[in-house]
Amino acid sequence: PKKVLQPQVAQASERLYSALKVEPQDWVQVNAFRPEEGVIKDGTYMSKTSKFEITLPNGEWQFDQQMIHPQIRVRLVPTNPLRTNDIVVAVELRDYPECESPQDLDAAVEIDCSERWPGYKKLRGGSQRVADSAMEDGKRPGFLLDFITLTPQKKTFRVIDYALYCRWFKRTYSVIVIGDKERYPQYEKDVEKIKQSFHVLDKNN
């Protein structure tokens, strides 16, 4: 339990600092409720808080850093205001403390999506492994889901959940794409570029 673990971590860190004869440092819990801090350079957003980077596919997109939900760290939206209802892309963090393996997270991602999105209808999906030098075998596990969801107003959306897993298999970093079902095909190439640009930066954590 958190209330038991935190004092133990504090006591252990004090003993370690004392043994090393170095100045103690405060332990700050890194979680999705900390405000996002990051930098934008050449169309790429690099998060200092959540440890990820993502790039705009072209000049017709922009970053929206206004936090609307703690788990949503940044959004990518069309620059044309007439297209803002067509599609939105968000980077979302979700923590699963009880998971211990990629297989645990695979199940968690699919269960969460099926329960979270009304009218959930899976089109395709499954586990994935993408090239990443931060992982011992050079591949980072994750999960991809492509599905349909239906709003209470009977509007249909196409949703992509492109999830990559942290190195300890306790957190998912997801690119969530929500697009109008009829207009989504015209954005598929942009979505693919966004997915390919997405990287988890937890190598030195």
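The legends below describe a predicted model, first as a whole and then in close-up views.

Residues are numbered from 1 along each chain as its sequence is written, and side-chain values use heavy atoms, with hydrogens and water left out. Because the model is predicted, local features need pLDDT of at least 70 and side-chain atom pairs count only at pLDDT 80 or more, whereas totals for chains, interfaces and linings use all residues.

View 1. The C-alpha trace spans about 65 × 35 × 35 Å along its principal axes. Of the 205 residues, 42% count as buried, where buried means under 20% relative accessible area, exposed over 50%, and partly exposed in between, with a 1.4 Å probe and protein chains only. Among contacts (heavy atoms within 4.5 Å) with a separation of 6 or more, 48% are accounted for by residues 24 or more positions apart.

**View 2. Helix α1, residues 2-20.** The expected span of a helix is 1.5 Å times one less than its number of residues, so the 19 residues of α1 should span 27 Å, and this agrees with its end C-alpha atoms, which are 27 Å apart. Just after α1, lysine 21 takes a positive phi of about 60 degrees.

**View 3. Serine 13 within helix α1.** Is serine 13 buried or exposed? Serine 13 has a relative accessible area of 8%, and therefore counts as buried. Its side chain reaches the backbone oxygen of alanine 10 at 2.8 Å, which can be read beside the definition of a polar contact: a pair of N or O atoms within 3.5 Å, where, within protein, one must be able to donate a hydrogen and the other to accept it, and residues adjacent in sequence count only if both atoms are side-chain atoms. An α-helix has 3.6 residues a turn, so residues three or four places apart point the same way.

**View 4. Asparagine 80 in the loop between β5 (72-78) and β6 (87-95).** Asparagine 80 counts as partly exposed because its relative accessibility is 32%. A polar atom of the side chain of asparagine 80 lies 2.8 Å from the backbone nitrogen of leucine 82. Asparagine 80 and tryptophan 61 are 19 residues apart in sequence, while in space they are 8.2 Å apart, C-alpha to C-alpha.

Notes:
Helix = DSSP H or I, 4+ residues; strand = E, 2+ residues; numbered from the N terminus.
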